[in-house]
Amino acid sequence: MRLISWNVNGFRACLQKGFAEFFAQVDADIFCLQETKMQEGQADFNPEGYYAYYNSAIKKGYSGTAVFSKQQPLQVTLGINDQYNDEGRVLTLEYPEFYLVNCYVPNSQTELARLEYRLQFEDTMRNYLSDLNKRKPVIYCGDLNVAHQEIDLKNPKTNTKSAGFTLEEREKFSQLLTAGFTDSYRYLYPETTGVYSWWSYRFKAREKNAGWRIDYFVVANSLAKQIIDAKIHMQVLGSDHCPVELEIKI
């Protein structure tokens with residue numbers, strides 16, 4: 001099974017920058033989007049052979065998630081137990097063998113103005129994933145807005161107080177892994193450096209590969225040995241993020 005996750009930073013804009021071509025080329029079984037910045041029905045994209053699910057923010061042009069799936073899920077849930085759904089950040093699809101949770105984690109923002117909100121979200125999400133994991137294995141993916149280790153960004157020393165690399169945010173990710181989950185990319189490539197999934201639009205960051213790895217596929221520990229490959233498609237343009245991929249035997 002091949003799964004793709006991509007923060008498209010505006011789905012309608014990304015559709016003008018080669019999204020459909022990549023979608024067709026990669027032929028994923030499940031394709032997850034974050035930061036769609038639209039309401040359902042506003043994008044002219046209806047791929048044949050896929051079921052489409054959207055969770056849009058109340059505020060138009062902001063946040064939002066979507067999933068395209070070849071297999072019809074048993075159930076689709078918006079938000080986290082009726083919480084945190086005003087910004088359309090979470091979509092859960094239940095399949096016979098596993099749960100898929102697609103998430104756009106809140107950014108802590110400039111001067112860490114939203115850090116406390118972000119940390120509360122992390123605790124709620126970790127408890128939610130742990131509860132699901134007791135029923136069947138979980139695949140958790142999306143823009144998780146954290147570079148977990150120093151090798152996950154180009155300039156760790158100058159970003160220790162930046163949103164996405166604070167000790168508090170990194171610790172929350174560590175707590176998630178301790179709760180029974182595996183970072184699929186680091187499971188296969190524990191020491192690989194220079195591989196990122198997001199670059200600032202400023203200072204020619206992408207050209208210099210001054211990036212961050214903040215997009216993930218995190219899987220239940222029980223699925224870790226079934227991971228075939230984890231890829232980061234750095235060559236794919238269309239957003240300030242690039243797609244990440246999980247190939248897994250389920």
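**Sheet and cysteines**

Guide: Five bridges join strand 13 to strand 14 (residues 244–248), and the two run antiparallel. Strands are DSSP runs of E, at least two residues, numbered from the N terminus, and two of them pair if DSSP finds at least two bridges between them. This is a predicted model, in which local features need pLDDT of at least 70, side-chain atom pairs count only at pLDDT 80 or more, and totals for chains, interfaces and linings use all residues. Residues are numbered from 1 along each chain as its sequence is written, and side-chain values use heavy atoms, with hydrogens and water left out.

Visitor: Which residue in strand 14 stands opposite Asp-229?

Guide: Strand 13 covers 227–232, and strand 14 covers residues 244–248. Opposite Asp-229 stands Glu-247.

Visitor: In what order do the six strands form the open sheet?

Guide: The pairing is mixed. The edge strands, each pairing on one side only, are strand 3 (51–55) and strand 13. The order is 3-4-2-1-14-13.

Visitor: How many disulfides does the count come to?

Guide: A disulfide is taken as a pair of cysteine sulfur atoms within 2.5 Å. For Cys-141, the nearest cysteine sulfur, that of Cys-32, is 3.6 Å away. For Cys-242, the nearest is that of Cys-14, 11 Å away. The count comes to zero.

Visitor: Is Cys-242 buried or exposed?

Guide: Buried means under 20% relative accessible area, exposed over 50%, and partly exposed in between (1.4 Å probe, protein chains only). Because its relative accessible area is 0%, Cys-242 is buried.

Terms used:
Helix = DSSP H or I, 4+ residues; strand = E, 2+ residues; numbered from the N terminus.
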